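Visitor: Can you walk me through this one? I'd like to start with the helices.

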Amino acid sequence: MFSKEESKQLRQDFWIAFGKSFPKKWVLYNTNIKGLTFKFHFDLKKAMVSLDVDHFDLEKRIELWEKIISLKSIIQNDFLPQSQFEDYFILENKKEISRVFVEKKEVSIHNKNTWQETMLFLKETMEIFEAFFLEYKDILEE
């Protein structure tokens with residue numbers, strides 16, 4: 001078991017190592033589409049890359065999500081076959097979003113032996129997500 005401080009330090013060490021290993025400017029929050037962001041996540045049980053639709057206006061969130069759903073077969077056939085779609089996902093802060101994500105299970109931020117495979121998973125998955133986004137950005141912006 002790790003103390004809260006040790007756990008915090010491991011998280012910081014991982015993300016610093018990830019940034020140094022893959023010094024790339026990711027799209028993340030810079031989609032230029034309000035309410036659409038990419039996220040990296042790594043915790044005690046899994047790693048995940050997601051495309052989150054979190055527009056504060058429910059109608060606009062639904063409209064954007066419907067555009068993503070219209071591209072679902074393209075995402076799953078041409079980009080990320082293992083992607084999962086959640087119409088309604090509740091974040092820890094109780095905010096409701098919609099999410100497309102790919103996860104890698106059986107890795108832990110507390111286990112440095114899983115860090116390298118997790119870093120590769122995060123990098124490769126985000127690159128594919130970004131390739132999809134750049135190719136279909138015009139449809140999502142409409």
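**Helix packing and a buried strand residue**

Guide: α1 crosses α4 in a right-handed sense. Keep in mind that this is a predicted model.

Visitor: At what angle do α1 and α4 pack, and how far apart are their axes?

Guide: The angle is about 55°, and the axes are 11 Å apart. α1 and α4 are therefore oblique to each other.

Visitor: Which residues meet there, in α1 and in α4?

Guide: From α1, L10, D13, F14, W15, A17, F18 and S21. From α4, W115, T118, M119, L122 and K123.

Visitor: Which residues of α1 are buried?

Guide: S7, L10, F14 and F18. Seen down the axis of α1, the buried residues fall within an arc of 65°, so they line one face of the helix.

Visitor: Why would residues three or four places apart point the same way?

Guide: An α-helix has 3.6 residues a turn, so residues at that spacing point the same way.

Visitor: What covers the buried residues of α1?

Guide: The cover includes β1 (36-42) and α4 (115-141).

Visitor: And which exposed residues sit on the face turned away from the buried side of α1?

Guide: E5 and K20.

Visitor: Left-handed or right-handed, for α3 and α4?

Guide: The α3 and α4 crossing is right-handed. On the α3 side, I74, I75 and F79 make the contact. On the α4 side, I128, A131, F132, E135 and Y136 do.

Visitor: Now a strand. Where is V102 found?

Guide: V102 is in strand β4, residues 96-105.

Visitor: Does V102 count as buried or exposed?

Guide: Buried. Its relative accessibility is 1%, and the cut-off for buried is under 20%, so V102 qualifies.

Visitor: What is V102 in contact with, leaving aside neighbours within four places in sequence?

Guide: A47, M48, V49, L80, Q82, S83, F121, T125 and F129.

Visitor: And L58? How far is its C-alpha atom from that of V102?

Guide: The two C-alpha atoms are separated by 24 Å. Along the chain, V102 and L58 are 44 residues apart.

Note on methods:
Residues numbered from 1 in each chain as written. Predicted model: local features only at pLDDT ≥ 70, side-chain atom pairs only at ≥ 80, totals over all residues. Heavy atoms only, no water. Buried < 20%, exposed > 50% of the residue type's maximum accessible area, 1.4 Å probe, protein only. Helix = DSSP H or I, 4+ residues; strand = E, 2+ residues; numbered from the N terminus. Arc of directions from axis to C-beta. Contact = heavy atoms within 4.5 Å. Left-handed = near helix turned anticlockwise from the far one by under 90°. Axes fitted to C-alpha atoms, helices over the stretch in contact; angles between N-to-C directions. Parallel < 35°, antiparallel > 145°, perpendicular 65-115°, else oblique.
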